[in-house]
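Here are my notes on this one, written for someone opening it for the first time. Keep the viewer open as you read and click along.

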Amino acid sequence: MLRRRDLCVYDNNLEKMLRAAEILEIDEIGSEYHGSAHENVIYRLNRPPSLITDYPYLVVSDKIGELSSPWLDIFVVRDYFRVKSILKKKVRTRIGLEIFFADIRQANGFSVGKWFEQVRDLYKLCNSINCQLVLSSGARCPREMISGRCFDSLLNLCNIKPERYWRELEEWIEIRLGKKCYVDA
Amino acid sequence: MLNRRDKRRYLAIWNGDHSYDQRKIVEAISKRSSELFGQIATEKAKIRFIDIDEKKVIVIISCKLEMLGTMLSTIVLMQPPIVVLHISGTLKALRTRMGRDSEKLFLAFL
């Protein structure tokens with residue numbers, strides 16, 4: 001059975017976000033760490049922790065200068081065309097390249113069309129340089145979250161087969177988390 | 001005799017902060033859909049307002065099954081944001097599910 005994941009939601013009230021995720025058929029979410037660990041959450045950190053943690057985490061950055069850092073798990077792509085050539089040259093294999101749907105909610109039809117073309121292009125690039133495309137909601141409250149079925153529709157719109165995407169994301173997360181040193185609570 | 005009825009899907013949408021007027025929500029979705037997918041796709045979807053719950057936070061709309069993907073994508077790209085809570089082939093099943101999950105829904109979204 002495929003597990004759907006939204007690796008980026010921002011909210012201090014994580015319990016509320018987890019309840020919303022359950023209703024929306026999202027099995028696991030990614031969020032910032034606020035001092036306590038929850039089940040079905042992968043935490044997003046800016047830097048690798050110096051001590052062993054009791055929670056799973058991924059190190060995330062949107063700074064182009066950190067693209068080649070050995071500790072980086074996810075690079076957030078804000079402006080694809082600006083960073084495309086740098087990505088091809090500098091990106092390390094098997095890292096995640098993340099893009100947020102929240103970025104285009106307010107965009108007009110023309111910009112949304114362009115954005116989806118960028119995602120299709122990014123997906124091709126990910127396949128060619130052996131990286132993982134990560135599509136996240138970037139939600140800042142429960143009503144900005146995206147349900148599992150909606151994610152599947154958006155993936156189809158990006159010419160990505162949902163089953164393949166969720167399976168590849170699962171395998172990629174297993175590999176990334178498998179390399180980390182954390183105590184499974 | 002051939003069954004000529006369209007296959008439709010019913011969508012329960014959270015509109016808890018009343019970002020959209022209960023009946024104008026279909027108008028707003030149609031407008032965004034036209035902007036993103038064009039007038040032909042929007043007309044083809046035949047979006048309809050069906051109902052709103054007692055507390056006026058969950059709106060039920062319907063659309064043609066063949067255009068469901070387009071509608072779901074449109075709803076994700078709405079501003080102010082709204083969330084698709086459940087989808088069902090029958091109104092009865094959708095209402096049963098909403099009734100069963102109502103407590104969870106309010107805890108999560110209010």
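1. Start with A:Ala139, which is buried because its relative accessible area is 0%. Bear in mind as you look that this is a predicted model. You'll find A:Ala139 in the loop between strand S7 (132-136) and H4 of chain A. Setting aside neighbours within four places in sequence, A:Ala139 is in contact with A:Cys8, A:Val9, A:Tyr10, A:Met17, A:Glu144 and A:Met145. For a sense of scale, pick A:Ile42: A:Ala139 and A:Ile42 are 97 residues apart along the chain, and their C-alpha atoms are separated by 15 Å.

2. Two other loop residues of chain A are worth a click for their backbone angles. A:Asn40 sits in the loop between strand S2 (28-32) and strand S3 (41-45), and its phi is near 65°, a positive value in a residue other than glycine. A:Asn40 has 33% relative accessibility, so it counts as partly exposed.

3. Then there's A:Arg94, in the loop between helix H2 (80-90) and strand S6 (96-100) of chain A. Here phi is near 70°, again positive in a residue other than glycine. Is A:Arg94 buried, partly exposed or exposed? With a relative accessibility of 27%, A:Arg94 counts as partly exposed.

4. Now for where the two chains meet. The size of an interface is often given as the accessible area lost when the parts come together. Between chain B and chain A the buried area is about 2300 Å², and carbon and sulfur atoms give 63% of it. As for the residue count, chain B brings 29 residues to the contact and chain A brings 26.

5. One helix pair across that contact is H4(A), residues 148-157, with H3(B). Their axes are 8 Å apart and the packing angle is about 105°; the two helices are therefore roughly perpendicular to each other. On the H4(A) side, the contact is made by A:Arg149, A:Cys150, A:Ser153, A:Leu154 and A:Leu157. H3(B) answers with B:Leu68, B:Gly69, B:Leu72, B:Ser73 and B:Val76. By class, the residues in this contact of H4(A) with H3(B) are 6 nonpolar, 3 polar and 1 charged.

6. A second pair is H1(A), residues 14-23, with H4(B), residues 91-109. Their axes come within 8 Å and cross at roughly 135°, which makes H1(A) oblique to H4(B). The crossing is left-handed. From H1(A), the contact uses A:Lys16, A:Arg19, A:Ala20, A:Glu22 and A:Ile23, while H4(B) contributes B:Lys104, B:Leu105, B:Leu107, B:Ala108 and B:Phe109. Sorted by class, the contact of H1(A) with H4(B) has 6 nonpolar and 4 charged residues, and no polar ones.

7. Back to H3(B), residues 68-76, for B:Thr74, which is part of that helix. B:Thr74 counts as buried because its relative accessibility is 0%. Not counting residues up to four places away in sequence, B:Thr74 touches B:Ile29, B:Arg32, B:Ser33, B:Leu36 and B:Phe37.

8. In the loop between H3 and strand S4 (83-88) of chain B, look for B:Pro80. The peptide bond joining B:Gln79 and B:Pro80 is cis, with omega about 0°.

9. Last stop: B:Asn15, in the loop between strand S1 (8-14) and helix H1 (25-37) of chain B. Its relative accessible area is 1%, so B:Asn15 is buried. What does B:Asn15 touch, not counting residues up to four places away in sequence? The list is B:Tyr20, B:Ile25, B:Lys56, B:Val57, B:Val59 and B:Ile82. B:Asn15 and B:Ile25 are 10 residues apart in sequence and 9.0 Å apart in space, C-alpha to C-alpha. B:Ala28, in helix H1 of chain B, touches B:Tyr20 and B:Met78, again leaving out residues up to four places away in sequence.

Terms used. Residues are numbered from 1 along each chain as its sequence is written. Chains are lettered from A and ligands numbered from 1 in the order in which they are written. This is a predicted model: local features need pLDDT of at least 70, side-chain atom pairs count only at pLDDT 80 or more; totals for chains, interfaces and linings use all residues. Side-chain values use heavy atoms; hydrogens and water are left out. Axes are lines fitted to C-alpha atoms, for helices over the stretch in contact, and angles run from 0 to 180 degrees between N-to-C directions. Helices (H or I, at least four residues) and strands (E, at least two) are DSSP runs, numbered from the N terminus. Angles under 35 degrees count as roughly parallel, over 145 as roughly antiparallel, 65 to 115 as roughly perpendicular and the rest as oblique. A crossing is left-handed if the near helix is turned anticlockwise from the far one by less than a right angle, and right-handed if clockwise. Contact means heavy atoms within 4.5 Å. Ala, Val, Leu, Ile, Met, Phe, Trp, Tyr, Cys and Pro count as nonpolar, Asp, Glu, Lys and Arg as charged, and the others, Gly among them, as polar. Buried means under 20% relative accessible area, exposed over 50%, partly exposed in between (1.4 Å probe, protein chains only). Buried area is the accessible area (1.4 Å probe) that two parts lose on being put together, summed over both.
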